[in-house]
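Please go through the structure below with the report that follows.

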Amino acid sequence: MKSIQQLVEPDRVHRTAYTDQTLFDREISEIFERIWVYCGHESQVPNTGDYHTLQIGRQPMVMVRGADRQVRVLYNRCPHRGVQLCGALKGNAGNSLVCSYHAWSFHLDGSLKSMPLPAGYEGTRLNRDNPDCHMKAAARVDSYRGFVFASLAAEGPTLLEFLGEARIAFDDMCDRSPEGEVEVVPYCHRVMQHSNWKFFMENQLDALHPSVTHQSTGIAAGRVEKRLTQEGQTPPLYYHYLSTFASPFEKWDSVQTVNFPRGHGILKGYMGLRPQDPDTKAYEALMYKAYGPEQAEVYLNRSIHHVLVYPYLSVQSPLQQLRCLRPIAPNKTLSEIWHFRLKGVPPAIYRRSLWYFNLVNSPATMINADDLENWSKGQWGLESRGGDWVSFHRNHGGDTEEDGVTYSNKGTSEAVMRNQFKAWVEYLSQEGS
Ligand code: FES
Ligand SMILES: [Fe+2]
């Protein structure tokens with residue numbers, strides 16, 4: 001077995017980084033179960049007793065709103081014999097979490113409330129002073145602009161340090177609301193990808209693939225757009241969402257990626273979401289009123305297409321979309337696809353985000369389906385003996401580095417992947433490799 005350093009060369013990566021079970025186990029314990037992992041949005045648990053269950057690495061967790069209004073993230077495990085306390089994806093537990101096996105119950109902060117026939121424990125080691133009596137909490141919980149994260153490691157960077165420059169994802173999302181806040185649309189699509197999680201993360205800022213992978217969809221949408229224009233109509237924005245995928249290579253190459261420490265990154269590119277229809281004008285007027293014209297223009301004109309929070313989040317902040325990965329196995333990754341509603345805006349603006357959700361990110365669209373197919377086929381190829389290395393040579397040596405940030409001077413540079421693997425090596429080298 002090669003060492004971590006031997007697997008990752010400056011311009012290529014050994015295929016086992018995508019296929020090996022031992023490496024995957026290390027990724028779970030040394031990366032996902034240590035870093036700050038996205039749990040959900042505060043608006044997913046608005047009322048006391050509301051809960052939402054999730055996995056951090058391989059740990060079953062529950063995010064729950066307490067009677068004191070605080071949002072906590074607890075291990076979803078009964079201290080008695082380990083039974084999962086919240087069996088549903090989400091719900092309301094009332095004023096306590098009650099185990100379905102022997103009815104131990106817990107306050108919403110995880111502390112033991114009661115158990116049947118407590119006298120049975122008198123004289124034993126199990127009493128309320130014993131922490132084993134209570135539900136265990138994530139070592140650290142924090143939130144940024146309403147987005148809740150937890151880390152299972154007591155030590156490590158703060159949430160803000162972890163997010164670094166990638167926190168613009170949440171600023172950009174919220175700043176587009178005149179109230180500075182978003183609320184979750186409380187249903188997400190869940191897609192099981194039959195490929196390693198890295199395929200997804202690399203693909204998000206891979207500007208070379210859209211005009212190939214999504215050509216058929218992009219061209220079809222472009223034809224309709226053209227016909228409507230010829231007929232004197234204004235094509236709805238959602239045709240543009242799709243036709244833009246078929247832009248020529250040169251256009252994609254002219255965008256820029258900015259690659260931050262810890263593997264995070266931004267695909268720049270102004271998304272042009274400002275058609276001059278009455279709804280957009282009404283929305284812009286609300287933004288002007290809330291922030292003043294100058295600041296409102298800064299918020300409305302940000303050049304952001306995607307922001308990646310490595311190794312598991314892809315945020316398309318101009319359209320309030322967020323995709324979160326939960327790796328299951330070397331060749332199996334669960335993705336959750338969420339979207340958000342800007343507070344204080346007309347419903348038409350929300351519908352634009354919903355169109356994007358359904359047309360581009362949902363499992364029902366050709367865009368997502370074509371990506372998924374590539375990643376599955378990529379996984380099969382890397383599991384084969386047809387070659388040992390994955391190539392990240394594109395524009396290697398042609399990027400600019402400044403204070404640990406790599407600027408790709410070409411949008412299609414594979415600087416994105418090289419930067420992600422740099423972080424991967426750093427994470428897996430922390431505990432000796
Ligand atoms: S396992 Fe939960 S009360 Fe027994
Ligand atoms: Fe794609």
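## Helix 15

In this predicted model, the buried residues of helix 15 are Ala 415, Val 416, Met 417, Arg 418, Asn 419, Gln 420, Phe 421, Ala 423, Trp 424, Val 425, Tyr 427 and Leu 428. Buried means under 20% relative accessible area, exposed means over 50%, and partly exposed lies in between (1.4 Å probe, protein chains only). Helix 15 is mostly covered, with 12 of its 15 residues buried. Helices (H or I, at least four residues) and strands (E, at least two) are DSSP runs, numbered from the N terminus.

Helix 15 covers residues 415-429. From first C-alpha to last it reaches 21 Å, close to the 21 Å expected at 1.5 Å a residue. The expected span is 1.5 Å times one less than the number of residues.

## Basis of the values

This is a predicted model: local features need pLDDT of at least 70, side-chain atom pairs count only at pLDDT 80 or more, and totals for chains, interfaces and linings use all residues. Residues are numbered from 1 along each chain as its sequence is written, chains are lettered from A and ligands numbered from 1 in the order in which they are written, and side-chain values use heavy atoms, with hydrogens and water left out.

His 209 sits in the loop between helix 6 (197-204) and helix 7 (210-213), and Asp 371 in helix 14 (residues 366-383), so the pair ties together parts that are 162 residues apart in sequence. His 209 and Asp 371 are both buried.

## Helix 8

Helix 8 (residues 215-230) has 16 residues, which should span 22 Å at 1.5 Å a residue; its end C-alpha atoms are 22 Å apart, which agrees. Its buried residues are Thr 217, Gly 218, Ala 221, Glu 225 and Leu 228.

Gly 232 follows helix 8, with a positive phi near 85°.

## Salt bridges

The structure holds 19 salt bridges. A salt bridge is a side-chain nitrogen of Lys or Arg within 4 Å of a carboxyl oxygen of Asp or Glu. One of them joins Arg 302 and Asp 175 (3.0 Å, N to O). This pair links distant parts of the chain: Arg 302 lies in the loop between helix 12 (293-300) and strand 17 (306-309), Asp 175 in helix 5 (residues 168-175), 127 residues apart. Both residues are buried.

Glu 373 and Lys 377 also form a salt bridge, the closest N and O atoms being 3.5 Å apart. Both lie in helix 14, 4 residues apart, about one turn of the helix. Glu 373 is partly exposed at 43% relative accessible area, and Lys 377 is partly exposed at 40%. Elsewhere, salt bridges that share partners join Arg 145, Asp 171, Asp 172, Asp 175, Arg 176 and Arg 302 into one network.

## Two single residues

Ala 17 lies in helix 2 (residues 16-19). At 3% relative accessibility, Ala 17 counts as buried. Beyond its neighbours within four places in sequence, Ala 17 is in contact (heavy atoms within 4.5 Å) with Leu 23, Glu 27, Asn 196, Lys 198, Phe 421 and Trp 424. Ala 17 and Asn 196 are 179 residues apart in sequence and 9.1 Å apart in space, C-alpha to C-alpha.

Gly 387 lies in the loop between helix 14 and strand 21 (389-391). At 36% relative accessibility, Gly 387 counts as partly exposed.
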